[in-house]
Amino acid sequence: MMPARFRGAPLLALAGLVVVAQAALSALKADFYLTQLTMAAWYTLVALGLCLLMGYAGQVSMGHAGFFAIGGYTAAVISTAGAPPWLSIPAGVAATAAVAFLVGIPVLRLRGHYLAMATLAFGFIVSRIILGTSLLGQADGISDIPAYGLVAGLAITGRRALRVQNYYIAWAVVLLGLILALNLVRSRTGRALRAIHGDEEAAAASGINVARHKLAVFVLSAVYAGLAGACLAHFNGGIGPGEAGIMKSVRYVALVAAGGMANLWGTLTVSAGLTFLSLRGAFGLFDDAVFGGLLVAIMLFAPEGVFGLLRRREKAS
Amino acid sequence: MSAAQLLQYLLSGVATGSIYAIVGIGFTIIYNSTGIINFAQGEFLMLGGMIAVSLQAFLPLTAAIAGAVVVTGLVGVAVQLVFLSWLKKPGVLRMIIITIGLSILMREAALHVWDEKVHALPPWSGDETSSLAVLGARISPQVAWVLAVSALMVAALTLFFRFTLTGKAMRACASNPAAARLCGIRAPWLVSLSFFLAAAMGALAGCVVSPLTQTQYDMGTSLAVKGFTCAVLGGLGNVSAAVGAGILVGVLESASISVLPLAYKDVVALTIMLAILLLRPQGLFAGMTRKRGPLGRVGGA
């Protein structure tokens, strides 16, 4: 009997790449790059969640930075207010899930332009509430967020001594998120989501509970963002209102679009690469313009994403 | 609250509301000729205001405003010709993302051409301290200008669509593109014209409101969301309903300032908008509106 094809090879390759990158950077005494790679990992988690929602289920969200901020700010407020220290990240994730659930029920009834506009409005509301509420630090944000202790001496923090372990924590979570997402899109639910993307009426006619599936993937996608927000708040030791801005939401959409929409690996690659470059300041003053331009260029010339474009080239030659 | 104070809130609410209505009408014009919701609509107001502020440094105010309106209109046409005209049957999701990307590019361009500071045109008549007395309330003359200019734009547009050949041709294209083409109407030119109209109207609105609310490079998004809701309430076609919706939202928004901190002004307005979008997505006059609704098929996604 032939052994079943081993599906985990790309995942092992990714894990290997993560280890090799760390080893090489540490050997070259350039491990300050690990800080940005860690942040890029957390942002990539948001992009993966949005990829499930937008790429597979076909539901656009122009307010994902809002979910990121809800997770981050909840964790920030709880951990600076003297609550039990383990509570902050679970509370951040739970708050994000709850808001996504409550917002999702009415908003996901909308389609197309209406859904885009409603989620845009949601993101805007979150960012305005942050800017107007003194508990949330208004324009200054919240700083002095303590480390988040995990098991066995591990902690999510930006302290230099713990840089390497934080790099591994972040990429391990991304890897887990990726595995969950890959399995989800291959499952019955994943097929249902793609059916909804293709044609909601037809999906409903084939017995798929459209509303429930859309809501479930919306909440899951928000949980990815909220978890990333909460963890990054602990890693950075602070969070500011910029994280909730419209520009951030657009950026996540740009990453998913450039990755090829329904392409988790593409999203991961583009997101890790571009976010790292952006965090290193490679785009200088034109950081936001680069993402806006990328969005327009991809959607005009290669709606199937960067990798789709390469594949098309290959076929043509 | 005294009656005079109430009137003051009411008038300033009506003024901001009519600006939302103009944005909403801009959405409607482009939507009817192309089926595209142009998420960069709010940026036209920003561009109009910014260009007028710059021109005003060496031109009289009237000429600066006229220049800003024409230049912004041409930017609208350029956007349509360069980015949108050659796409064959683009899906809704694709168009949303392209126009959002364009709005970011315009905003970033403004940030680099001008800066992140708040700019403002001088009041069109009198100065910052002058005021008009209306039934005991004191309002800035600029509020009167906003009302007059908006009313004029709406009236001119209504007459244009109803009585001129070009306006009728645009309506024909909106209701049945194929039949319009068979009658010899040249649709591509009209699409460019609709972008010019939407952008120029936006620019004029941006100029008239600049002395009151100032102009900043990132003002476009909230205007777009508010204007879109007005357009939706008007069933994406009914100009007077869009105006009514705009005024309603403007008044509620300005009333909210007396109850809640100023920082939450947009939160209140956008929450009302979301509620409207969710409760009456088919518009105020459901029976009369077109079929392309938010809950029905929007075609390709």
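Questions on the predicted model

Me: In which loop of chain A is Gln138(A) found?
Reply: The model is predicted. In chain A, helix 5 covers 112-132 and strand 1 covers 142-143. Gln138(A) is found in the loop between helix 5 and strand 1.

Me: What is phi of Gln138(A), and is Gln138(A) buried, partly exposed or exposed?
Reply: Phi of Gln138(A) is positive in a residue other than glycine, near 45°. Around Gln138(A) there are 13 other C-beta atoms within 10 Å. A residue is exposed at 12 or fewer and buried at 20 or more, so Gln138(A) is partly exposed.

Me: Is Lys29(A) buried or exposed?
Reply: Lys29(A) lies in the loop between helix 1 (9-27) and helix 2 (33-56) of chain A. Lys29(A) is not a glycine, yet has a positive phi of about 55°. With 7 other C-beta atoms within 10 Å, Lys29(A) is exposed.

Me: Which helix of chain A gives the most to the side that touches chain B?
Reply: The contact takes 35 residues from chain A and 34 residues from chain B. Helix 5, helix 10 (246-259) and helix 12 (287-301) of chain A each supply at least two residues of the chain A side. With 14 residues, the one that gives the most is helix 5.

Me: How many nonpolar residues are on the side of chain A that touches chain B?
Reply: Chain A brings 35 residues to the contact. By class, that side has six polar and four charged residues. Its nonpolar residues number 25.

Me: Are helix 7 and helix 9 of chain A roughly parallel or roughly perpendicular to each other?
Reply: The axes of helix 7 (residues 188-198) and helix 9 (residues 210-236) of chain A come within 10 Å and cross at roughly 110°. Angles of 65 to 115 degrees count as roughly perpendicular. Helix 7 and helix 9 of chain A are therefore roughly perpendicular.

Me: How many residues of the contact of helix 7 with helix 9 of chain A are charged?
Reply: Thr189(A), Ala192(A), Leu193(A) and Ile196(A) in helix 7 meet Val210(A), His213(A), Lys214(A) and Val217(A) in helix 9. These residues divide into five nonpolar and two polar, and the charged count is one.

Me: What is the radius of gyration of chain A?
Reply: Chain A has 13 helices and four strands. For 317 residues the globule rule gives 20 Å, and chain A comes close to that, so it is as compact as a globular protein of that length. Its radius of gyration is 19 Å.

How values were computed. Residues numbered from 1 in each chain as written. Chains lettered and ligands numbered in written order. Predicted model: local features only at pLDDT ≥ 70, side-chain atom pairs only at ≥ 80, totals over all residues. Contact = placed C-beta atoms within 7 Å. Nonpolar A, V, L, I, M, F, W, Y, C, P; charged D, E, K, R; others polar. Rg over C-alpha atoms; globule rule 2.2 N^0.38 Å. Axes fitted to C-alpha atoms, helices over the stretch in contact; angles between N-to-C directions. Parallel < 35°, antiparallel > 145°, perpendicular 65-115°, else oblique.
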